[in-house]
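Reader: Hi, I'm new to this. Can you walk me through the model?

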Amino acid sequence: MTYTELSNAIQAYTENTETSFVAEIPVFVEQAEQRIYNSLQFPSIRKNVTSTVAINTKYLDCPLDFLAVYSMAVILPSGEYKYLLNKDVNFIRQAYPSPSDKGEPTCYALFGPTVLNSVIYDELSFIIGPTADASYSVELHYYHYPESIVQSPVDTLGAITGGSAYTAGTYFNVPLTGGTGSGALATITVSGGAVTVVTITNGGLNYTVGGSLSAAATNIGSTGSGFSVLISTVTNSDGRSWLGDNFDTVLLYGSLLEAYTYMKGEADMMALYNQKFMEALALAKRLGDGMERQDAYRSGQYRQAVT
């Protein structure tokens, strides 16, 4: 099932093609995906990256899409993997209290955001103990939300044409106009009469690379003209995902449940869609937490019995 097929199915099941409802379908789908990914452990939500912890360093940035740790290992010069123990920050501070406590890392903890002058630079970071006595390669396995089935949302933006005579300030959730798609929102900063920063907060859907976006002056201070920004990249241009290709029933009924909540639908239909979603989720859990987990080795990892 592609995003187009999913969107058409949601409209057909709910018998609702009203413009504002259709515009919210990407939200319904993404909410359903998050609920599903937080309910089971498909391999598609697991990811690994490699990085380097520098000599005399005890901090390591988390990936931007990080949700939870699966494992972390340092790779020794010999190529041997040494898996680190997951501890709390206070344990590492107590075990290695002095800046001179250096060596081969043995444990790590989530440290929290990096903040400098009241500005958050990283959403999360790791602290490693002891402080690295050399440069080590690090491999991190972690959980993340896979790419959504929502088709071609704006991912990154390119060159900004700032325009002129705009009112200085920062404007949040500004609807972006233009391009081939719809639904994109951004935080826009105006300085010196021109737009200087545009940060995507909702990618919308069905955009193409190279498209030019703008915003109505009424949404950014009510004055000015000439602002535009180019689309550098979009994600999922074919509108496919692992769930859509392999377990579309759980995605469909999860999306319908979110859609009917938005519509404030009748209680009996809400109960029906919730029942169908839970049935589909149970089958998905049999696969993700059952058949794909029977021979897994990890303390505390949930494994559902398969009959």
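**Pockets, cores and a sheet**

Author: Start at the second largest pocket: β3 gives the most to its lining, with four residues. Helices (H or I, at least four residues) and strands (E, at least two) are DSSP runs, numbered from the N terminus. Before we go on, this is a predicted model, in which local features need pLDDT of at least 70, side-chain atom pairs count only at pLDDT 80 or more, and totals for chains, interfaces and linings use all residues. Residues are numbered from 1 along each chain as its sequence is written, and side-chain values use heavy atoms, with hydrogens and water left out.

Reader: What counts as a pocket or a cavity?

Author: Both are found on a 1 Å grid over the protein atoms alone. A cavity is a set of points where a 1.4 Å probe fits but cannot get out. A pocket is an open set with protein on both sides within 12 Å along at least five of seven lines. Lining residues have an atom within 4 Å of a point.

Reader: Which residues lie nearest the centre of the second largest pocket?

Author: Tyr70, Ser71, Leu84, Asn86 and Tyr108, out of 10 lining residues. β3 (68–75) and β5 (85–86) each supply at least two of the lining residues. The volume is about 180 Å³, meaning the space filled by probe spheres set on the points, with grid points joined across faces, edges and corners.

Reader: And what is the volume of the largest pocket?

Author: About 1,200 Å³. It has 37 lining residues, and Glu30, Ser148, Pro153, Gly203 and Thr235 are nearest its centre. α2 gives the largest share of that lining, nine residues.

Reader: How does that lining divide into nonpolar, polar and charged?

Author: It has 16 nonpolar, 14 polar and seven charged residues. Here Ala, Val, Leu, Ile, Met, Phe, Trp, Tyr, Cys and Pro count as nonpolar, Asp, Glu, Lys and Arg as charged, and the others, Gly among them, as polar.

Reader: How many cavities of 30 Å³ or more are there?

Author: One. Pro63, Leu64, Phe66, Glu123 and Leu124 line the largest cavity. Four of its lining residues are nonpolar and one is charged.

Reader: New topic. Which strands form the open sheet?

Author: The order is β2-β10-β7-β5, and the pairing is mixed. β2 (59–61) and β5 are at the edges with a single partner strand each, so one side of each has no neighbour in the sheet. Two strands pair if DSSP finds at least two bridges between them.

Reader: Do β5 and β7 run parallel or antiparallel?

Author: Parallel, over two bridges, with β7 covering residues 107–110. Leu85 stands opposite Cys107 in β7.

Reader: Which residues touch the most other members in the largest nonpolar core?

Author: Ile10, Val29, Leu243 and Val250, among 33 residues. The largest share of this core, eight residues, comes from α5. Such a core is a set of buried Ala, Val, Leu, Ile, Met, Phe, Trp, Tyr and Cys residues joined through side-chain atoms within 4.5 Å.

Reader: Last one. Why does His144 count as buried?

Author: Because its relative accessibility is 11%. Buried means under 20% relative accessible area, exposed over 50%, partly exposed in between (1.4 Å probe, protein chains only). His144 is in the loop between β12 (136–143) and β13 (154–161). Leaving aside neighbours within four places in sequence, His144 is in contact (heavy atoms within 4.5 Å) with Ser44, Ile45, Arg46, Lys47, Asp65 and Leu67.
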